[in-house]
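Biologist: I would like to go through this model feature by feature. Please give the general idea where there is one, then the case here.

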Amino acid sequence: MNPVLIIGCGDIGRRVAALERAQGVSVSGLARSRQAVQRLKTLGVRPIDGDLDRADSLRELPVGGALVYYFAPPPPTGQTDPRMAAFVAALGAADLPRRVVLISTTGVYGDCQGAWVTEDRPPHPQSDRARRRLSGENILRRWGDSHEVPVVILRVPGIYGPGRLPEQRLREGQPVLREQDAPYSNRIHADDLARACVAAARRGRPGAVYNVSDGHPTTMTDYFHRVADCLGLPRPPEITLAQARERLSAGMLSYLAESRRLDNHKMREELGLEPLYPDLASGLASCQQAQ
Ligand SMILES: NC(=O)c1ccc[n+]([C@@H]2O[C@H](COP(=O)([O-])OP(=O)(O)OC[C@H]3O[C@@H](n4cnc5c(N)ncnc54)[C@H](OP(=O)(O)O)[C@@H]3O)[C@@H](O)[C@H]2O)c1
């Protein structure tokens, strides 16, 4: 019996590991480098050598009977998620996990022109980044259906928290869109996301999708202004959409092309999760205290 296995044991994985360990559960985590092995050991997490980009390294995953948290991102290019494909291919029919909780992204909804978005909205990814995430969801969902293993999918927007603020960008004085052109953006504090993962493992309905957000979207410009205030840095200069097309990176522009407001009722009602940080004011205050 292997109680918890975390595939992609980075920042959120380590927070989830701490929550599980606090409940007396033993935790293993996939590690693809010596550094990662060391980091997991110091946290009391058993490192399992393996790299999702090397299918042959996944033969010995201690997955039978385990609760699996899958937090690894897809590779940086392409439209599919070969890492997820390699993971499910490595799971023998005799050694099935008891449940898989996946972190995906709200990018799979595509642009919603500022509308409120529930989990019933059909995915309509508009960037390859989002297409890869939807591919990962679909591969895992199909595998779960055919092996009768419950799969729970969490769709997650921007993660922030102590040590996870765009400080570098603000120090460089990079511009933001002026408020009237700025899309809505949604956030979740890293600690609340970790709590949502643990709640999904215990209370998530098999096959369900949950938006995980604090429920208080504001514009992306508002976010950068408030973070600047929190860090005691100058607010970034504002530019028009036309100027942004000339000055901002393609990656940043693809985020600015999508606007939606996430409805988090299902998370609160079915997972019983009330965010500890329901808005930026409370979440950024926690970042200040941690400094
Ligand atoms: N940043 C955001 O605002 C945001 C928003 C929505 C969703 N997400 C997603 O949420 C998930 C959790 O986020 P996070 O902050 O915990 O991410 P993170 O700290 O970057 O952790 C991701 C982990 O995945 C591991 N990984 C990557 N490729 C791997 C491979 N080929 N084989 C084995 N392990 C591999 C990484 O290992 P190494 O340490 O060896 O690199 C890392 O430990 C990620 O999928 C992230 O993309 C992020």
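Biologist: Which element gives the largest share of the shell around the ligand?

Modeller: This is a predicted model. Helix H1 gives the largest share of that shell, three residues. The shell has 22 residues, and the closest to the ligand are Gly8, Gly10, Ile12, Leu52 and Pro73. Besides H1 (11-22), strand S5 (99-105) and strand S8 (158-160) are the elements that give two or more residues to the shell.

Biologist: How many helices and strands does the protein have?

Modeller: There are 11 helices and 15 strands. The radius of gyration is 19 Å, close to the 19 Å that the globule rule gives for 291 residues, so the protein is as compact as a globular protein of that length. Along the principal axes, the C-alpha atoms fill a box of roughly 55 × 40 × 35 Å.

Biologist: What share of contacts joins residues at least 24 apart in sequence?

Modeller: Among contacts between residues at least 6 apart in sequence, the share is 77%. As for burial, 42% of the 291 residues are buried.

Biologist: Which residues have the most contacts inside the largest nonpolar core?

Modeller: The general idea comes first. In soluble globular proteins, nonpolar side chains tend to be buried together. Here the largest nonpolar core has 68 residues, and Ile6, Leu154, Ala196, Cys197 and Ala200 have the most contacts inside it. Helix H6 (residues 190-203) gives the most to this core, with nine residues. A second, separate core has six residues, among them Val108, Val117, Ala130 and Leu262.

Biologist: What does Cys197 touch, not counting residues up to four places away in sequence?

Modeller: Cys197 touches Val16, Tyr69, Val101 and Leu154.

Biologist: How many bridges join strand S2 to strand S3?

Modeller: Four bridges join S2 (residues 27-31) to S3 (residues 46-49), and the two strands run parallel. Ser28 stands opposite Arg46 in S3. From S2 the chain crosses through helix H2 (residues 34-42) to S3, in a β-α-β crossover that is right-handed.

Biologist: Where does Gln113 lie, and is Gln113 buried or exposed?

Modeller: Gln113 lies in the loop between S5 and strand S6 (116-117). Gln113 counts as exposed because it has 9 C-beta neighbours inside 10 Å, and the cut-off for exposed is 12 or fewer. The phi of Gln113 is near 50°, a positive value in a residue other than glycine.

Biologist: And what is the phi of Glu148 near?

Modeller: Phi of Glu148 is near 55°, again a positive value in a residue other than glycine. Glu148 is in the loop between helix H4 (128-147) and strand S7 (151-156). With 8 C-beta neighbours inside 10 Å, Glu148 counts as exposed.

Biologist: Why is Leu256 partly exposed?

Modeller: Leu256 has 19 other C-beta atoms within 10 Å, whereas a buried residue needs 20 or more. Leu256 is in helix H9 (residues 250-256). Leaving aside neighbours within four places in sequence, Leu256 is in contact with Leu177, Pro183 and Ala244. The C-alpha atoms of Leu256 and Gly92 are separated by 42 Å, and these residues are 164 residues apart along the chain.

Biologist: One more loop residue, then. Where does Glu172 lie?

Modeller: Glu172 lies in the loop between helix H5 (167-171) and strand S9 (176-177). Glu172 is exposed, with 9 other C-beta atoms within 10 Å. Glu172 and Pro236 are 64 residues apart in sequence, and C-alpha to C-alpha they are 9.0 Å apart in space.

How values were computed
Residues numbered from 1 in each chain as written. Predicted model: local features only at pLDDT ≥ 70, side-chain atom pairs only at ≥ 80, totals over all residues. Core = buried A, V, L, I, M, F, W, Y, C linked by C-beta atoms within 7 Å. Contact = placed C-beta atoms within 7 Å. Pairing = 2+ DSSP bridges. Right-handed = clockwise from strand over helix to strand, strands pointing away. Rg over C-alpha atoms; globule rule 2.2 N^0.38 Å. Near = placed C-beta within 6 Å.
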